[in-house]
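Let's take a walk through a protein fold, one piece at a time. Keep the picture open while you read.

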Amino acid sequence: MTAAIEVQGVEKRFGSFVALAGISLTIQQGEFFALLGPNGAGKTTLISALAGLTRASSGTLGVMGHDVVTDYQAARRSLGIVPQEIVFDPFFSVRETLRFQAGYFGVARGRTLDDWIDELLAKLSLSDKADHNMRQLSGGMKRRVLVAQALVHRPPVIVLDEPTAGVDVELRQTLWAFIRELNGKGHTILLTTHYLEEAQQLCSRIAMMKMGRIVAMDTTDHLLNAFSERVLRVKIDGELPLSQVAVRTRQQGAWHHFTIHDLAEVETRLAGLREAGARITNMEVAEPDLEEVFLNVMHR
Ligand SMILES: Nc1ncnc2c1ncn2[C@@H]1O[C@H](COP(=O)(O)OP(=O)(O)O)[C@@H](O)[C@H]1O
Ligand SMILES: [Mg+2]
């Protein structure tokens, strides 16, 4: 099957500054993929190159088998991009903005398009704003219009560059429910976000970028297992017995952390603590999380 996104050896220089230092990446159709990395890692630059907004200094990029340079129109039409920066014509209404965007991609006006626009507005809780001018909308609403705009020509591949920045929790959930639904229907999703718990919940595969390079790329589960540990946290009344200090991985006030490799080890560890005379007043088991993976990968 043709890959949804195929990036090979992409470099991007701005003068002498290297923003992308050789990126290769294949995303299959139907994947929900996250691209993570600190500010300045090159995520938006890579997305701009995919969208044909900036030209790679070397390497190739393709969307649904269409090269973004030699087959620009087809590549661009296969792609719906929710950009990081909000830019709009403030004098258009929401509906006009969406119709205009559809026209740009050669989608015919008429009933089918209007129904789809209504559906998009409903899914994004924007129905009552359809005839408002863009400048009358809040930041979060504008961002949701950007999402609708990216989807109006029904692209098979959807790229979201920090779509939830400045969007409140409830709307974030509405947005993710909708994006999940689209993914369920076969759309490929590429997402960048600073909310790592979002990536952990939504994405099946993750690439982490640092200074223009991919420094880790694997399934979410593999990354969690490789770079994060399950930790037993125990709150002790008084001092931790010396025999237990030796096996402790960390202390935070009255809380003592023990790395555990499987759940059976929780029982052995608790029994050991009790035998040593520790008075346990509280405990919890913390699952591996992507935040820890991210920090470990970035500081490696
Ligand atoms: N047009 C440009 N001219 C010069 N430098 C740029 C330009 N666009 C991006 N950069 C630089 O490239 C690096 C990567 O930026 P960007 O792709 O926006 O990172 P990210 O989206 O991961 O935060 C940054 O150091 C940024 O300053
Ligand atoms: Mg960015």
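How do the residues of the shell around ligand 1 divide into nonpolar, polar and charged? They come out as four nonpolar, six polar and one charged. For that count, Ala, Val, Leu, Ile, Met, Phe, Trp, Tyr, Cys and Pro are nonpolar, Asp, Glu, Lys and Arg are charged, and the others, Gly among them, are polar. A bit of housekeeping: this is a predicted model, where local features need pLDDT of at least 70 and side-chain atom pairs count only at pLDDT 80 or more, while totals for chains, interfaces and linings use all residues. Residues are numbered from 1 along each chain as its sequence is written, and chains are lettered from A and ligands numbered from 1 in the order in which they are written.

Now for the shell itself. Around ligand 1 you'll find Phe 14, Phe 17, Ala 19, Gly 37, Asn 39, Gly 40, Ala 41, Gly 42, Lys 43, Thr 44 and Thr 45; a residue is near a molecule or strand if its C-beta atom, placed from the backbone, lies within 6 Å of it. Helix H1 gives the most, with three residues. Strand S2 (17-27) and H1 each supply at least two. These helices (H or I, at least four residues) and strands (E, at least two) are DSSP runs, numbered from the N terminus.

Next, look at the sheets. Strands of a sheet pair through backbone hydrogen bonds, either parallel or antiparallel. Here, two strands pair if DSSP finds at least two bridges between them. One open sheet has six strands in the order S6-S7-S8-S3-S9-S10, with mixed pairing. Strand S6 (79-82) and strand S10 (213-219) are at the edges with a single partner strand each, so one side of each has no neighbour in the sheet. Strand S9 (residues 205-210) runs antiparallel to S10, and six bridges join them.

Helix H11 (residues 290-298) lies across S3, S9 and S10, at about 40 degrees to S9. Axes here are lines fitted to C-alpha atoms, for helices over the stretch in contact, and angles run from 0 to 180 degrees between N-to-C directions. Contact means that the C-beta atoms of two residues, placed from the backbone, lie within 7 Å.

H11 also has a helix partner. Helix H8 (residues 220-227) packs with H11 at an angle of about 70 degrees, their axes 9 Å apart. The two are therefore roughly perpendicular (angles under 35 degrees count as roughly parallel, over 145 as roughly antiparallel, 65 to 115 as roughly perpendicular and the rest as oblique). Leu 223, Leu 224 and Phe 227 of H8 make the contact with Leu 290, Glu 292, Val 293, Asn 296 and Val 297 of H11. By class, that is six nonpolar, one polar and one charged.

Finally, there's another open sheet, with four strands in the order S12-S13-S11-S14 and antiparallel pairing. Strand S12 (250-252) and strand S13 (residues 255-260) pair over three bridges, and Gln 252 has Trp 255 in S13 as its bridge partner. Helix H10 (residues 264-275) lies across S11, S13 and S14, running at about 140 degrees to S13.
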